Amino acid sequence: MTPNPTPRPGLFHRLVERTGPVLRFEIDGVPAEGRAGDHLLTAILLARPDLRRFEFAETTRSGFCLMGACQDCWVDLADGRRLRACSTLLEEGMHVLVEGRARA
Amino acid sequence: MGERLDVDVAIVGGGTAACAAAVALRRHGLTVAVLEKRRCGAGASGVNFGGVRQQGRDLRELPLSRRARPLWDGLNALLGEDVEFEATGHIKLARSEADLEFLERYRIDAAACGLELTMMGADAVHAELPWLGEKVLGASLSPTDGQANPRVVGPAFARLARRMGAEVREHTPVEAVAHTGSGFVVTAPGLEVRARRLVNAAGAGSGLVAASFGEAVPLTPLSPNMLVTEPMPYFVSRSIGVCGGDVYVRQVRRGNVVFGGGGGWQDHERGLARPNDAESLGGMKRTLQVVPGLAHARVIRTWSGVDGQMPDAIPVIGPSRTTPDLVHAFGFSGHGFQLGPVIGEIICELLVDGATPSPIEPFAIDRFDGLASAAPADAPVGGSTHTEH
Amino acid sequence: MSVAKLPHVAVVGAGPAGLRAVEVLVAGGLNPVLIDEAPRSGGQIYRRPPPGAERPAADLYGFEAAKATALHGLLDRLGDRVRYRPNTLVWSIEGKRLRLLADERFDALEVDAMILATGAMDRVLPFPGWTLPGVFTLGAAQIALKAQGVAIGRRVALIGAGPLLPLVAHQYRKAGAEVVLALDVTAFLPKVIHGFGLLNAPATLAKGLWYMARNVLGGVPMRFGARRLRVEGTDRVEAVVWTDARGREHRVACDAVGASFGLRSEIQLADLAGCRIVFDDLTRQWQPERSPEGRSSVVDVYLAGDGAAIGGADVAELTGARAALTLLADHGRPADAARIDRLDRELARHRRFRRALEAAYPFPGHLLDDLADTETLCRCEGITVGAVRAAARERDVDEINRLKALTRTGMGRCQGRVCGQAAAEILARSRGVPVETVGRLRGNPPVKPIPIEGGL
């Protein structure tokens with residue numbers, strides 16, 4: 001659960017600026033910001049280079065197909081929910097766990 | 001006519017019991033042909049829950065199950081691959097006072113067969129398994145039971161049999177079996193097998209083989225309905241069952257939680273089955289009540305298959321009553337996985353020695369004589385509509 | 001086929017095929033249910049950004065803006081003649097009963113007939129580095145841009161084997177992203193040879209050439225015939241490396257990759273509905289058998305769009321309308337013979353184009369031959385190429401479902417959607433047999449993960 005002391009830059013790069021409201025959320029307890037209209041996957045990958053740990057190796061994943069087919073972007077929320085990040089809209093107050101629920 | 005094989009023993013069916021029999025017979029130097037209509041280990045041997053369980057078995061089955069249990073400790077070495085057997089223990093949960101009494105009675109009976117079970121009070125159960133639902137009043141623990149990967153056991157036995165020189169023929173549906181006076185003739189497309197002895201271990205198809213020798217049995221198809229979740233952090237540390245058998249759940253080390261729910265759809269004509277969505281939904285609900293910690297889990301796959309069910313839910317094991325040199329082993333009624341390796345040994349004993357030290361009298365093929373044509377619903381059945389796995 | 005009773009029809013998928021199908025059904029007097037997993041109609045190709053991320057149609061769809069706008073307005077025009085159920089997954093089909101998941105709750109729907117227009121996803125083949133964070137499909141790269149207005153990285157490499165590659169490169173460049181490489185793993189020559197066949201759809205061919213030209217003018221390096229492809233990096237993408245036809249190695253630094261190699265049909269629901277699935281030599285894929293009229297092998301199950309056979313958006317519109325007309329006729333409703341004739345002629349022309357296109361972009365099997373045993377094949381379960389080859393060699397595995405049973409390949413969350421074809425190809429290569437002889441992964445419900453508590 002230790003927050004990353006030196007956050008690595010995000011993977012995604014916003015090309016089209018948004019005018020909608022800012023949505024605040026958290027990744028492993030660290031505040032982050034997205035915009036209305038962002039998918040959860042977009043918001044996470046604008047903030048960091050990956051979005052979940054891979055269960056069967058010491059590596060991470062960032063999703064793959066972005067169309068709800070490959071199932072590679074399921075993430076944990078602190079409230080226990082599991083969400084497919086590419087097809088879920090970011091909501092104010094979401095708390096995503098990337099490092100938090102490590103594998104057994 | 002196509003190919004012809006002459007062997008000491010022909011085995012109809014390619015499940016775990018059949019292939020384990022082939023292994024045991026090869027050890028005795030007999031020549032063997034295994035004839036499997038689809039793929040070895042792909043029937044009931046491969047699609048079951050994966051419970052390696054003595055607890056909860058019919059007391060008549062328990063001696064066989066006791067004998068089978070130590071074999072599992074040596075399977076990896078025998079087969080040369082990991083069958084993922086782990087003695088996680090099996091816990092059977094009581095959800096009512098009547099369940100508790102039932103478990104206590106069973107504990108005493110099982111002890112007489114040499115199986116040590118430990119009764120646990122509600123507090124002890126919840127202390128060990130804090131993730132269980134509220135309704136659990138107590139449980140019985142069988143610490144030596146466990147689980148394994150059913151998809152790999154049967155095929156591994158088939159390969160071992162092949163390595164030891166058995167003729168293992170897949171995609172070889174037996175069309176006819178007959179006793180000619182000097183031995184058996186088994187025919188399949190493009191193949192005729194002549195054998196001195198015959199084993200009927202064809203699972204759901206065994207009824208037809210038995211009937212060919214005038215031994216009609218009330219065998220009906222049984223299809224499990226299994227579900228598995230995506231991988232989750234490991235927490236279901238025991239294999240779990242309940243009194244009544246309507247919930248059974250285990251978690252593999254990789255994290256997937258395997259559980260069952262009711263029965264699948266059967267395609268009698270093709271001998272296939274598919275999962276039944278309504279049954280899956282029921283299984284999800286019931287399992288969630290017992291293991292609320294699965295609340296956020298997602299099911300990624302369901303599956304089914306075909307086993308043979310006897311009216312009294314115990315198998316047919318033993319010599320034919322009509323035909324010399326014929327041995328039956330089928331009708332495991334949804335819980336043959338743990339028995340498979342020992343059934344192979346028993347088949348071998350019956351063929352080589354003419355007798356087995358294991359008590360198989362309760363499994364005589366003629367125990368339903370006169371009932372063979374009765375509809376399954378009219379035949380005597382156990383107290384529940386669920387099959388314990 | 002009673003004329004008296006209106007059949008209750010479900011259309012699954014609200015892309016170009018599904019939308020044209022419901023339009024025809026409504027015109028024929030029916031009130032179909034349209035079920036779609038997405039929140040807004042349009043499918044993947046004409047996907048609309050979520051509220052807050054909207055942009056003008058011309059920016060999103062380029063040449064296709066008019067088609068997209070027409071389809072997007074279609075449901076509004078049909079009004080309450082269509083029962084539209086967005087955000088709804090069909091996770092199983094048993095006979096004529098559809099099992100649904102909407103808002104994390106289960107539901108079911110009984111119908112008399114259905115049109116499956118389930119679309120396609122990228123055809124994925126593994127290459128070294130393909131599971132690194134920052135590697136996506138080409139389709140994903142496009143979706144990130146269209147639906148979210150983001151690029152998958154700051155220096156993006158795009159890799160493909162089909163017409164999507166120059167299109168996405170063009171779209172990225174136009175949106176202001178830096179595309180450092182557009183790499184085609186097929187050779188340039190077949191595209192010239194099959195140019196005549198491509199003339200069966202001259203507008204499409206012209207658009208493809210235009211994108212390529214724009215990319216060249218815009219300074220996007222386009223390369224063909226890449227072999228021994230790999231993505232380098234330890235915990236993120238650092239470079240794409242490949243070997244050209246002359247055996248020279250090239251390396252381009254980048255921080256994200258969009259890579260896929262054509263398209264593959266989403267056939268799981270057709271499989272569960274009992275449709276006969278057949279092998280298509282041209283695309284080396286298993287597809288539900290479909291008559292030219294849009295019938296499957298199962299009575300009252302009809303097929304349309306890329307979910308039945310890859311044809312692209314224009315063909316999807318045509319096959320959607322065609323299947324719906326067949327359904328109407330089969331159920332004793334009057335059908336427009338002239339329109340049917342027109343559709344069939346159009347479809348025949350497109351089929352010739354498609355054949356030329358597939359020949360122009362042959363299956364890049366060399367990617368699989370180049371794979372070392374240590375590379376990941378099944379990304380859900382983390383199963384290596386070597387595990388598959390070993391199973392083929394040492395465990396008598398000659399069929400893909402047996403491979404799944406013994407190695408877990410295709411057993412994870414995606415149920416083999418992503419790795420299934422590559423696994424079959426590698427298994428077949430290991431056994432030295434044609435790929436169709438190792439079979440296909442049998443479908444089981446659910447087609448996508450479903451919540452265990454969805455029934456409470």
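**Contacts, strands and domains in a predicted model**

Q: How many residues does the contact between chain A and chain C take from chain C?
A: In this predicted model, the contact draws on both chains, with 33 residues coming from chain A. On the side of chain A that touches chain C, strand E1 (13-14), helix H1 (40-47) and strand E5 (60-61) of chain A each supply at least two residues. By class, that side of chain A has 17 nonpolar, nine polar and seven charged residues. The number of residues taken from chain C is 41.

Q: Which residue is the bridge partner of A:Arg14 in E10(C)?
A: Strand E1(A) pairs with strand E10 (residues 150-151) of chain C, and the two run in the antiparallel sense over two bridges. Within E10(C), the residue that partners A:Arg14 is C:Val150.

Q: Why is strand E4 (residues 90-94) of chain B described as largely enclosed by the rest of the structure?
A: From E4(B), B:His90, B:Lys92 and B:Ala94 point one way, while B:Ile91 and B:Leu93 point the other way, and all are buried. A residue counts as buried if 20 or more other C-beta atoms lie within 10 Å of its own. Strand E4(B) is therefore largely enclosed by the rest of the structure, since the number of its five residues that are buried is five.

Q: In which sense do E4(B) and strand E14 (residues 239-242) of chain B pair?
A: With strand E6 (residues 138-142) of chain B, E4(B) pairs in the antiparallel sense over five bridges, and there B:Leu93 stands opposite B:Ala139. With E14(B), the bridge partner of B:Ile91 is B:Ile240. E4(B) and E14(B) pair over four bridges, and the sense of that pairing is parallel.

Q: How many of the 14 residues of H9(B) are buried?
A: Helix H9 (residues 277-290) of chain B reaches 20 Å from its first C-alpha to its last, close to the 20 Å expected at 1.5 Å a residue. Its buried residues include B:Leu281, B:Met284, B:Leu288 and B:Val290, and also B:Asp277, B:Glu279 and B:Arg286. The helix H9(B) is largely enclosed by the rest of the structure, because the count of buried residues among its 14 is 10.

Q: Is B:Pro311 buried or exposed?
A: B:Pro311 lies in the loop between strand E20 (307-309) and strand E21 (316-319) of chain B. B:Leu219 is 92 residues apart from B:Pro311 in sequence, yet the two are 7.4 Å apart in space, C-alpha to C-alpha. With 22 other C-beta atoms within 10 Å, B:Pro311 is buried.

Q: How many residues of domain 3 of chain C are in contact with domain 2 of chain C?
A: The domain assignment of chain C gives domain 1 (9-121 + 264-335), domain 2 (124-261) and domain 3 (371-438). The centres of domain 2 and domain 3 of chain C, taken over C-alpha atoms, are separated by 26 Å. Five residues of domain 2 of chain C take part in the contact, and the number from domain 3 of chain C is seven.

Note on methods: Residues numbered from 1 in each chain as written. Chains lettered and ligands numbered in written order. Predicted model: local features only at pLDDT ≥ 70, side-chain atom pairs only at ≥ 80, totals over all residues. Contact = placed C-beta atoms within 7 Å. Nonpolar A, V, L, I, M, F, W, Y, C, P; charged D, E, K, R; others polar. Pairing = 2+ DSSP bridges. Expected span 1.5 Å × (residues − 1). Buried ≥ 20, exposed ≤ 12 C-beta atoms within 10 Å, placed from the backbone. Domains from an automatic or database assignment.
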